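Please walk me through this protein chain.

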Amino acid sequence: MASWAWVGKASAPEAYDAEPPNALRVHLLRGAKLPIMDKKLLSKGGSSDPVITLEVGGEKKTSTCKAKSLDPAWREDFVLGAEEVEDDLVLTCWDQDLASGNDFMGEVRISLGALRDRRVSRAWHALAHRN
């Protein structure tokens, strides 16, 4: 089963003075056992070039691409506006392919309502197919 980590990160409150109210801070840590999207032609196996898009309330951010990796480590921080508690944080994993366009690998939806208590949340989430 393909999965990746979504980790909330805590620091001193003064560090967030420049952030907008209701900012959602996301620390994208790593992925594990991602599916092979780029198969080798003459032998078994292959790799993927995973990149993650993070979306909430119409705002979208993109991670760096981790070339030829099925177990990528991003260790990247993102700040997104989170005005509506009814919204979901949608993280979509793509196999980057500059020639033919990115291929969908899976997505995770996290309800902002589940984060209402403003505590750090650390969890692995399995990638799912689109509904």
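This is a predicted model: local features need pLDDT of at least 70, side-chain atom pairs count only at pLDDT 80 or more; totals for chains, interfaces and linings use all residues.

Residues are numbered from 1 along each chain as its sequence is written, and side-chain values use heavy atoms, with hydrogens and water left out.

Start with the outline. The chain has zero helices and 10 strands. Helices (H or I, at least four residues) and strands (E, at least two) are DSSP runs, numbered from the N terminus. Of the 131 residues, 36% count as buried. Buried means under 20% relative accessible area, exposed means over 50%, and partly exposed lies in between (1.4 Å probe, protein chains only). The accessible surface comes to about 8,000 Å², by the Shrake-Rupley method with a 1.4 Å probe, where for residues only the protein chains shown count as cover. Carbon and sulfur atoms hold 51% of that surface.

Contact means heavy atoms within 4.5 Å. Among contacts between residues at least 6 apart in sequence, 57% join residues at least 24 apart.

Now look inside. A nonpolar core is a set of buried Ala, Val, Leu, Ile, Met, Phe, Trp, Tyr and Cys residues joined through side-chain atoms within 4.5 Å. The largest one here has 20 residues. Leu-24, Ile-52, Leu-54, Leu-80, Leu-89 and Leu-112 touch the most other members. Strands β2 (23–32), β5, β7 (73–81), β8 and β9 each supply at least two residues of this core. Beyond its neighbours within four places in sequence, Leu-112 is in contact with several residues, among them Leu-24, Val-56, Val-85 and Leu-89.

Ser-48 sits in the loop between β4 (46–47) and β5 (50–56). Is Ser-48 buried or exposed? Ser-48 counts as buried, because its relative accessibility is 0%. Its side chain reaches the backbone nitrogen of Met-37 at 3.0 Å. Leaving aside neighbours within four places in sequence, Ser-48 is in contact with residues including Pro-35, Lys-66, Leu-70, Asp-95 and Met-105.

Next come the charged side chains. A salt bridge is a side-chain nitrogen of Lys or Arg within 4 Å of a carboxyl oxygen of Asp or Glu. The whole structure holds three salt bridges. Glu-59 and Lys-61 form one of them, at 3.7 Å from N to O. Glu-59 is partly exposed at 29%, and Lys-61 is partly exposed at 28%.

Asp-88, Glu-107 and Arg-109 are linked in a network of salt bridges. Arg-109 meets Asp-88 at 3.8 Å, N to O. This pair links distant parts of the chain: Arg-109 is in β9, Asp-88 is in β8, and they are 21 residues apart. Glu-107 pairs with Arg-109, with the closest N and O atoms 3.5 Å apart. Glu-107 is buried at 8%, whereas Arg-109 is partly exposed at 47%.

Last come the rings. Rings of Phe, Tyr and Trp (its six-membered ring) pair if their centres lie within 6.5 Å; planes under 30 degrees apart count as stacked, over 60 as edge-to-face and the rest as tilted. The whole structure has one aromatic pair. The centres of Trp-94 and Phe-104 are 5.8 Å apart and their planes stand at 80°, so the pair is edge-to-face. Trp-94 lies in β8 (residues 88–95) and Phe-104 in β9 (residues 103–111), 10 residues apart. Phe-104 is partly exposed at 24% relative accessibility.

Terms used:
A polar contact is a pair of N or O atoms within 3.5 Å; within protein, one must be able to donate a hydrogen and the other to accept it, and residues adjacent in sequence count only if both atoms are side-chain atoms.
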